[in-house]
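Morning, everyone. Please have a look at it first.

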Amino acid sequence: IDGALSEPNHEAICSALERTITEGLMRNPRTERVYSFEFVWTADSLAILFIIKPKNLDAFDITMTVVT
């Protein structure tokens, strides 16, 4: 995540974070899909919201906050 936060602008940071999170979760064979990313910036943090769909289970929401 630190590498993603060093990108030059918010759009690049969001893109890098979405890619990093998705690639990491998709390495788990039980993960079917990671989708619907939302990014909410505040003065000193970034909230990242997304949905994970495991195989053979219902999808669920994840919210994480990164201090910027």
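Start at Asn56, in the loop between E2 and strand E3 (60–67). Strands here are DSSP runs of at least two E residues, helices are DSSP runs of at least four H or I residues, and both are numbered from the N terminus. Asn56 is exposed, with a relative accessible area of 77%. The cut-offs: buried is under 20% relative accessible area, exposed is over 50%, and partly exposed is in between, with a 1.4 Å probe and protein chains only. Asn56 has a positive phi of about 65°, although it is not a glycine. Most residues other than glycine have a negative phi.

A word on what you are looking at. This is a predicted model, where local features need pLDDT of at least 70, side-chain atom pairs count only at pLDDT 80 or more, and totals for chains, interfaces and linings use all residues. Residues are numbered from 1 along each chain as its sequence is written, and side-chain values use heavy atoms, with hydrogens and water left out.

Now the overall layout. The protein chain has 2 helices and 3 strands. From the N terminus, the order is α-α-β-β-β. The C-alpha atoms fill a box of roughly 40 × 20 × 15 Å along the principal axes. Of the 68 residues, 28% are buried.

Charges next. There are 6 positive and 10 negative side chains. Lys and Arg count as positive, Asp and Glu as negative, while His and the chain ends are not counted. The centres of the two sets lie 12 Å apart, with each charge placed at NZ of Lys, CZ of Arg, CG of Asp or CD of Glu.

Which residues form the largest nonpolar core? That core has 12 residues: Ala4, Ile13, Ala16, Leu17, Ile21, Val34, Phe37, Leu46, Ile48, Phe50, Ile52 and Val66. H2, E1 and strand E2 (45–54) each give two or more residues to this core. By nonpolar core I mean buried Ala, Val, Leu, Ile, Met, Phe, Trp, Tyr and Cys residues joined through side-chain atoms within 4.5 Å. In soluble globular proteins, nonpolar side chains tend to be buried together.

Take Phe37 from that list. Leaving out residues up to four places away in sequence, Phe37 touches Glu18, Ile21, Thr22, Ile48, Leu49 and Phe50. Touching, or contact, means heavy atoms within 4.5 Å. Ser15, in helix H2 (residues 10–26), is 22 residues from Phe37 along the chain, and their C-alpha atoms are separated by 9.8 Å. Ser15 counts as partly exposed, at 40% relative accessibility.

On to strand E1, where we find Ser36. Ser36 is another residue other than glycine with a positive phi, near 60°. It counts as partly exposed, at 43% relative accessibility.

Buried or exposed: what about Thr31? Thr31 sits in strand E1 (residues 31–41) and is buried, because its relative accessible area is 10%. Its side chain reaches the backbone oxygen of Leu25 at 2.9 Å. Apart from residues up to four places away in sequence, Thr31 touches Leu25, Met26, Ile52, Lys53, Pro54 and Lys55.

Last stop, Ile1, in the segment before helix H1 (2–5). Ile1 is partly exposed, at 42% relative accessibility. With residues up to four places away in sequence not counted, Ile1 touches Leu17, Met64 and Val66. Thanks, and over to you.

Technical notes
A polar contact is a pair of N or O atoms within 3.5 Å; within protein, one must be able to donate a hydrogen and the other to accept it, and residues adjacent in sequence count only if both atoms are side-chain atoms.
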